[in-house]
Amino acid sequence: AMTSINSRPFTVLVEGNIGSGKTTFVEHFKQFEDISLLTEPVEEWRNLRGWNLLDLMYKDPAKWAMTFQSYVAMTMLEMHRRPTSTPVKLMERSIYSARYCFVEHMRKEGTIHPAQFAVLDEWFRFIDREIPIEVDLIVYLRATPSVVYERIRKRARSEEQCVPLSYLEALHSLHEDWLVNRTHAECPAPVLMIDADLDLSQITEEYKKSEHQILRQAVNVVMQ
Ligand SMILES: Cc1cc2cn([C@H]3C[C@H](O)[C@@H](CO)O3)c(=O)nc2[nH]1
């Protein structure tokens, strides 16, 4: 196993719409001993001391979206700060997709009150200013909203069955703004785009492309 001579691992964020295949992508890298995998803590959001915040949020967003996004941000920050012994760290989603995609959408839709947005945004600015979060590469699983809509139906995660196509289209354009048009300066890492419309049989080739990029860049970082 490569021993990292740096104080921190080469950190990769895996970003993309609901149903774009992030967890599948992250689990593809289980085969590498030099990579720590941090998948999205959905189970924590579905059971916080017995409360299913994800379900509460989908069932009554006006009442629960703020509470849910506050807890998501804390669990994401914990993942960013979690030490790993390996030279590479792969993380599903981030404090950045929390702010630029999900919270941004809730603000635009008025799902959260402007005062609630102000509190979430102050937390985000505080974290961005005071807590070092390093990102070296973002893998963007870029998918067409209608494709992920079908996948969500097939995946049948109960809380998500009410997710309309319009929500997925809005989240898609917010991901495009952030990762293609690069409208936010707080997270300047390079973006590696993967065609996430490909189905499982074809996408392994795409994974191989990113494997090379991730491991090669990781070697560079380790050997610096
Ligand atoms: C960072 C972040 C992830 C995340 C996921 N979700 C939802 C979308 C999916 O239905 C589920 C798992 O990603 O959680 C959300 O509403 N807000 C979020 N913010």
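Visitor: What kind of model is it, and how are the residues numbered?

Guide: This is a predicted model, in which local features need pLDDT of at least 70 and side-chain atom pairs count only at pLDDT 80 or more, while totals for chains, interfaces and linings use all residues. Residues are numbered from 1 along each chain as its sequence is written, and side-chain values use heavy atoms, with hydrogens and water left out.

Visitor: What does the ligand have around it, and which residues are closest?

Guide: The ligand is surrounded by 16 residues, of which E40, Y58, Q69, R93 and E160 are the closest; a residue is counted here if one of its heavy atoms lies within 4 Å of the molecule.

Visitor: How far are the polar side-chain atoms of E40 from the ligand? And what about Y58 and Q69?

Guide: For E40, a polar side-chain atom lies 2.7 Å from an oxygen atom of the ligand, and for Y58 an N or O atom of the side chain is also 2.7 Å from a ligand oxygen atom. In the case of Q69, a side-chain N or O atom is 3.0 Å from a nitrogen atom of the ligand. A polar contact is a pair of N or O atoms within 3.5 Å; within protein, one must be able to donate a hydrogen and the other to accept it, and residues adjacent in sequence count only if both atoms are side-chain atoms.

Visitor: How much of the ligand does the protein cover?

Guide: On its own the ligand has 420 Å² of accessible area, and the protein covers 99% of this, by the Shrake-Rupley method with a 1.4 Å probe.

Visitor: Back to E160, then: where is it, and is it buried or exposed?

Guide: E160 is in the loop between α7 and α8, and it counts as buried at 3% relative accessibility; buried means under 20% relative accessible area, exposed over 50%, and partly exposed in between, using a 1.4 Å probe and protein chains only. Its side chain has a polar contact of 2.9 Å with that of R157. Not counting residues up to four places away in sequence, E160 touches I18, Y58, I152 and R155, where contact means heavy atoms within 4.5 Å.

Visitor: And what is the backbone like at R93?

Guide: R93 has a positive phi of about 65° although it is not a glycine. Most residues other than glycine have a negative phi. R93 is located in the loop between β3 (88–92) and α5, and it is buried, with a relative accessible area of 6%.

Visitor: Changing topic, how many residues does α6 have?

Guide: Helix α6 (residues 114–130) has 17 residues, and from its first C-alpha to its last it reaches 24 Å, close to the 24 Å expected at 1.5 Å a residue; that expected span is 1.5 Å times one less than the number of residues. Helices are DSSP runs of H or I with at least four residues, strands are runs of E with at least two, and both are numbered from the N terminus.

Visitor: Which residues of α6 are buried, and what do they pack against?

Guide: F117, L120, D121, F124 and I127 are buried in α6. They cover an arc of only 120° around the axis, which puts them on the same side of α6; the arc is that of the directions from the helix axis to the C-beta atoms. The buried residues of α6 pack against α4 (61–81) and α5 (95–109), whereas E122, W123 and R129 are exposed on the other side of α6.
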